[in-house]
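Here is a short tour of the aromatic rings in this protein, with a look at one helix along the way. Have the structure open as you read.

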Amino acid sequence: MRWWRQARFGVFIHWGTISLMGGEHKGKRAGGSQEWAMVELKVPIAEYKAYARRFNPVGYDPEAWVLAAKEAGAKYIVFTAKQHDGFALFDSKVTDWDAVDATPYGKDPVKPLAAACRKHGIKLGFYYSQSHDWCHPGGGLLFGEEWDPAHKGDLDDYLQRIAVPQVKELLSHYGEVAVLWWDTPVGMTKERAARFLRLLSSQPGIIHNSRLGGGYRGDFE
């Protein structure tokens, strides 16, 4: 935890299909934050996924992002690898709902970001919504609400097929990962949380927050 206590300042980047929706769908605007607009406006999965067909950030310059963070005094970046909408902003082999397969961009945004962080001495972390997933069958839903029959499924099956393998991908393919920021532990029992904790051993020194669930406190709040 020493580096974390010394760093004090980092940059948290939210990006993805939520950016294209902008909190609005078919003329209706969500009252809360835009990353919750899909559930607030009850957008069907098929309609929401159509936003990915416009995700083509040809001007994406991760090195410029890293340099801007560094010049501002930040010591680390936490990047949204997967928000509650289930869209993976990296090349995931367990789903086609990702930046490589579902968008015209067709590339992995995390690879050049990780390279830029290494080049400029900025630690890299990932935000990952481990059980809250509105586009994969079985992903946990807020208050158990279900607005699209396509969401029906089993949470344990979802964790085994999608979430656990994706966290393994993030910890295996991008070099050193300093932080794993879990979020909204819907339905996360101690047994379910333990599946994720076991993966962290592949990254000695990684720290994680208190939102994994299952009673685990993590390293910081």
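Is F12 buried, partly exposed or exposed? In this predicted model, F12 is partly exposed because its relative accessible area is 33%, which falls between the 20% limit for buried and the 50% limit for exposed.

## Aromatic pairs

The structure contains 21 aromatic pairs. One of them joins F12 and W181: the ring centres are 5.1 Å apart and the planes stand at 90°, so this pair is edge-to-face. F12 belongs to strand 1 (residues 10–13) and W181 to strand 6, so their pairing ties together parts that are 169 residues apart in sequence.

W182 and F196 also form an edge-to-face pair, because their planes meet at 65° with the ring centres 5.5 Å apart. Here strand 6, which holds W182, is tied to helix 8, which holds F196, and the two parts are 14 residues apart in sequence. W182 counts as buried, at 0% relative accessibility. F196 is likewise buried, at 0% relative accessibility.

## Helix 8 and its neighbours

Now to the helix that carries F196. Helix 8 covers residues 190–197, and its buried residues are R192, A193, A194 and F196. These buried residues pack against helix 7 (155–173) and strand 6 (179–182).

## A ring cluster and a charge over a ring

Ring pairs also build a cluster from W15, Y48, Y51, F55, Y60, W65, F79, F87, W97 and Y105.

Finally, take a look at W3: the charged end of K123 sits over its ring, 5.2 Å from the ring centre.

Terms used
Residues numbered from 1 in each chain as written. Predicted model: local features only at pLDDT ≥ 70, side-chain atom pairs only at ≥ 80, totals over all residues. Heavy atoms only, no water. Buried < 20%, exposed > 50% of the residue type's maximum accessible area, 1.4 Å probe, protein only. Helix = DSSP H or I, 4+ residues; strand = E, 2+ residues; numbered from the N terminus. Contact = heavy atoms within 4.5 Å. Phe/Tyr/Trp six-rings, centres within 6.5 Å; stacked < 30°, edge-to-face > 60°. Lys NZ or Arg CZ within 6 Å of the ring centre and 35° of its normal.
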